[in-house]
Amino acid sequence: MKARFLLLSCSFLLSVSISAQGVLTFEDVMKFEDIRSPKISGKGNWLAYGIWPDRGDGKVVVQHTGKKMQYEIDLGSQPVISGNENWVVAFRSVPLVDQLKAKKDKPKRGLALLNLQNGNTQQFDSVSTYHLSNDGNWLAIKYYQSKEIEKLKHKNKKLGTRVELWDLGNNESFEMDFVHSMSFDSLSNHFVYSVVDTSGEGNGLYVYDLSASEKGIISTSVDGYYANLTWDSKTPRIAFTKATLDSDYKESDANLHVWNAANNNLKTLVRADETNDLWTLRSSNRLTFSHDGNRLFFGLMPQPIVDLEAKKDEEEDKEIDIYAIDEIVKDRGMDLWHGDDPRIKTHEIVTFNSRKNRIYTSVYHFDSKKWVQLADLEMPFIQIYHNTDYVMGSTDEPYLRDFTHDGSYRDWYLVNLRNGERTKVAERTSNGPAYLSPDSKSVVYYDDKHWHRYDVASGNTTNVTKDISVPFYNEDHDYPSLVPGYGLTGWVDRGNAVLINDKYDIWQISLTNGKAKNITAGKGREAKRIFRIRNLKDEDIFKKGEELLLTSYHDLKKNFGFYTAKVDKEGVKKLLEEDKKFTFVAKAEDSQKILFKREAYDEFPNLWVADDWKLKKRKQVSQLHMDLKKKWNWGSAELIDWLSLDGKFIQGVVIKPDNYDPNKRYPIMTYYYRFYSNRLHDFNEPRTNHRPVFAQYVSDDYVVFLPDIRFEVGRPGFAATKSLVPGIQKLIEMGIADEDKLGLHGHSWSGYQTAFIVTQTDIFDAAVSGAPVSNMTSAYSGIRWASGRARQFQYEKTQSRIGQSLIEAPEKYIENSPVFFADKITTPMLIQHGDADGAVPWYQSIELYLAMRRYNKEVVFLQYHDEPHHLQKFPNKLDYAIRMKEYFDYYLKGVGAPEWILEGEMYLGK
């Protein structure tokens with residue numbers, strides 16, 4: 001037996017195994033088809049979904065839910081079924097071969113229109129986007145810019161393109177040129193579109209009356225720019241912004257307008273000159289009508305501090321003095337990092353454009369014909385509620401400096417819609433938003449392990465969960481950050497009570513008298529079954545006695561189901577539960593039919609339809625991969641448990657081949673991150689990427705092991721080792737694992753764990769570590785380049801779980817860093833990293849490689865060029881998947897003698 005901790009020696013007893021029939025090959029993985037973008041029609045009679053392989057061309061399948069009727073759209077994707085169930089629209093992709101052949105002038109996608117009455121399909125080439133009217137009678141197709149216009153190389157980037165408006169019932173089309181934006185109203189009576197043409201003479205906003213087949217003018221203006229077309233769902237009126245383009249096609253400040261189709265009345269709501277010197281209304285905007293139609297939310301933007309374009313023009317006209325010091329240093333290339341900066345410079349740079357283009361919410365009141373600015377630089381965020389009196393506002397401005405090392409915090413405000421006055425409700429919260437009740441009487445928020453209610457009338461705050469005996473904070477939280485809760489899930493009677501989750505159950509807590517009722521009657525905690533509401537409505541407001549659809553997940557058995565409960569009652573009733581995983585997909589909008597998926601490790605997640613949400617009458621409607629266990633040695637999954645070295649109960653998933661021989665011991669491929677036992681009934685979709693395909697290994701005579709990890713703050717590496725190694729020992733004791741054929745694979749956080757664990761034990765015979773942190777002392781003050789954030793917060797508060805700064809606890813950073821124990825490693829290691837990784841700096845893999853190389857350890861480092869944290873380029877993904885498999889095969893099965901493992905590869909130039 002090999003030593004389990006503090007390495008002594010490492011020996012390899014390699015054996016050759018012959019692949020069984022039904023091995024899942026890399027070509028099989030590339031060809032493996034998946035269901036994408038499933039849709040159910042409004043009346044529930046039709047389904048549409050894409051079937052696409054990992055690599056290659058796919059299709060859309062359209063089938064009737066009650067009859068044996070099925071159509072296909074070759075190369076189709078992202079299907080949409082019309083409201084009248086007469087049509088299916090789908091984008092039509094370019095064949096992959098054509099994409100690969102094209103060097104320049106890449107071919108563009110098209111559109112397919114399927115007639116469900118006769119199965120005929122019409123195709124349209126070079127389609128940018130489309131809009132389908134709600135009633136399903138009209139289709140507007142917007143094309144990519146024509147080659148003739150492209151050849152003009154016009155400087156106006158906002159030029160419109162050709163649109164065809166199709167009357168689908170009569171098979172007639174109307175053509176419109178230079179359309180910039182377009183929109184149908186909710187009742188399908190009007191089609192409004194804006195025009196931006198090459199001369200600017202025809203610019204304007206136009207309407208096509210769909211019932212009268214007549215074109216009308218809403219507004220025209222030479223060089224006008226009309227944008228943000230937004231319909232009111234209650235009345236036939238549309239809001240929009242109007243600006244003017246200058247000779248360089250830059251936009252002026254904008255006006256806000258609304259046009260009423262009922263009386264052809266055009267009104268100006270807000271003029272650009274009504275804002276002050278600090279704020280402006282721009283075409284970059286977001287318009288939202290309140291549900292009652294009484295208010296229109298829009299955005300303002302701060303006036304630019306410096307007009308960079310004007311300054312550039314001014315500089316070009318100046319004479320040059322070659323000795324003018326101030327002018328010379330203006331061309332410096334430098335960023336200044338100041339200790340008092342709210343954001344560190346990299347984060348400031350990465351977020352610059354989003355902050356520059358941020359919309360600060362304001363509201364227009366139609367009754368008073370006045371508008372109010374709600375957000376500003378001090379409180380930039382508004383959470384729109386469709387209440388009549390208030391919205392919620394928040395700010396992180398006071399805590400931006402803490403963001404570097406601590407985390408994200410916000411103050412929350414109740415904001416008066418009439419006058420913009422704000423009242424602070426909660427201070428320095430970090431776990432989720434503050435929720436305004438539909439009746440505007442309460443604000444409910446989570447803080448310091450409890451839920452709190454702010455009374456709008458009195459201004460008093462009460463803790464509404466302190467007298468309830470169960471915790472409402474995350475019971476599995478093992479980070480040094482503040483503990484989050486499980487979420488607010490809805491309101492009762494518009495705010496008289498609130499529905500809040502604990503880990504297992506759902507509570508109804510009165511906001512008038514504070515009384516709490518467990519509507520799942522504690523059955524969740526009793527059985528370790530997690531209940532959650534699956535809302536079938538557009539709003540999260542429920543009535544007393546209303547029946548609720550619940551999803552369920554058993555925290556110990558790992559199976560899924562559906563239950564029902566009632567608001568203001570106690571108790572649950574099982575609707576459907578099996579040793580499977582069920583995923584709710586959608587409810588038909590105008591029918592009771594439900595679309596869901598059922599899956600298991602060895603059952604592809606096909607689509608099922610139930611007649612209603614009680615799920616009594618249900619049937620499988622898609623039939624993909626029904627023969628996968630006949631075609632491949634796919635294997636089966638089972639649950640095991642063990643105790644960590646600290647005596648903690650831990651679970652994991654073991655996946656065995658279908659021809660598993662209990663008298664034989666198998667090579668083990670271990671894959672993990674944190675909690676993976678919840679994947680017991682997950683179908684592991686074959687995909688070519690940085691993750692191993694479980695069925696590919698199982699079909700080639702491996703056993704795959706997915707263990708849970710229980711972490712400790714301050715000792716993440718040791719905790720991972722103490723959780724995982726006893727699980728491996730359990731597999732050996734059960735007679736499953738060959739103790740000399742044990743592989744370990746992890747990526748990112750588990751890449752770190754893999755690199756650390758092999759410094760503590762020689763139990764593993766091969767390890768693959770993708771994008772690992774290897775030296776916490778150097779990584780601590782590094783940068784996550786994708787976000788621009790400092791990495792300090794990750795160690796002090798989140799995933800890396802040290803819980804203190806490097807200055808406060810240098811020994812913890814050293815103790816948890818693999819590079820400081822590289823001399824103890826005896827496990828051969830394959831390291832993978834993309835050199836454009838924006839999450840984990842790739843020099844962390846260099847440090848690990850150099851440390852192992854210094855002590856003559858078996859190590860290979862795969863550096864993939866211009867790749868981020870997860871490989872994106874298909875050739876690189878496939879190359880890594882192949883090398884990963886070859887590496888494990890060589891060290892765990894004695895198969896092959898890859899030259900790249902034995903000798904490496906010489907650099908031969910680009």
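I started with Asp406 and Arg428, whose side chains meet in a salt bridge at 3.2 Å, N to O. Asp406 lies in the loop between strand S26 (390–395) and strand S27 (410–416) and Arg428 in strand S28 (residues 422–429), so this pair ties together parts that are 22 residues apart in sequence. A friendly reminder to myself: the model I am reading is a predicted one.

Next I looked up how covered the two partners are. Asp406 has a relative accessible area of 13%, so I noted Asp406 as buried. Arg428 comes out at 31%, so I put Arg428 down as partly exposed.

**Second pair**

I then turned to Glu905 and Arg883, and found their side chains joined in a salt bridge of 3.1 Å, N to O. Which of the two partners is exposed, and which is buried? Glu905 is exposed, with a relative accessible area of 59%. Arg883 is buried, at 13%.

**A network**

Do these bridges stand alone or share partners? I checked, and salt bridges with shared partners join Asp402, Asp406, Arg428 and Lys797 into one network.

**Third pair**

Asp292 and Arg295 were next on my list, and they form a salt bridge with their closest N and O atoms 3.2 Å apart. Here I read Asp292 as partly exposed, because its relative accessible area is 32%. Arg295, by contrast, is buried, with a relative accessible area of 4%.

Which residues make up the patch of negative charge? I listed Asp538, Glu539, Asp540, Glu589 and Asp590. A residue needs over 30% relative accessible area and no salt bridge to be part of a patch, so I picked out one of the members to check. Asp540 has 34% relative accessibility, so Asp540 counts as partly exposed. I placed Asp540 in the loop between strand S37 (529–533) and strand S38 (541–542).

Technical notes. Residues are numbered from 1 along each chain as its sequence is written. This is a predicted model: local features need pLDDT of at least 70, side-chain atom pairs count only at pLDDT 80 or more; totals for chains, interfaces and linings use all residues. Side-chain values use heavy atoms; hydrogens and water are left out. Patches are made of residues with over 30% relative accessible area and no salt bridge: like charges are joined within 9 Å, nonpolar side chains (Val, Leu, Ile, Met, Phe, Trp, Tyr) within 5 Å. Accessible areas come from the Shrake-Rupley method with a 1.4 Å probe; for residues, only the protein chains shown count as cover. A salt bridge is a side-chain nitrogen of Lys or Arg within 4 Å of a carboxyl oxygen of Asp or Glu. Lys and Arg count as positive and Asp and Glu as negative; His and the chain ends are not counted. The place of a charge is taken as NZ of Lys, CZ of Arg, CG of Asp or CD of Glu. Helices (H or I, at least four residues) and strands (E, at least two) are DSSP runs, numbered from the N terminus. Buried means under 20% relative accessible area, exposed over 50%, partly exposed in between (1.4 Å probe, protein chains only).
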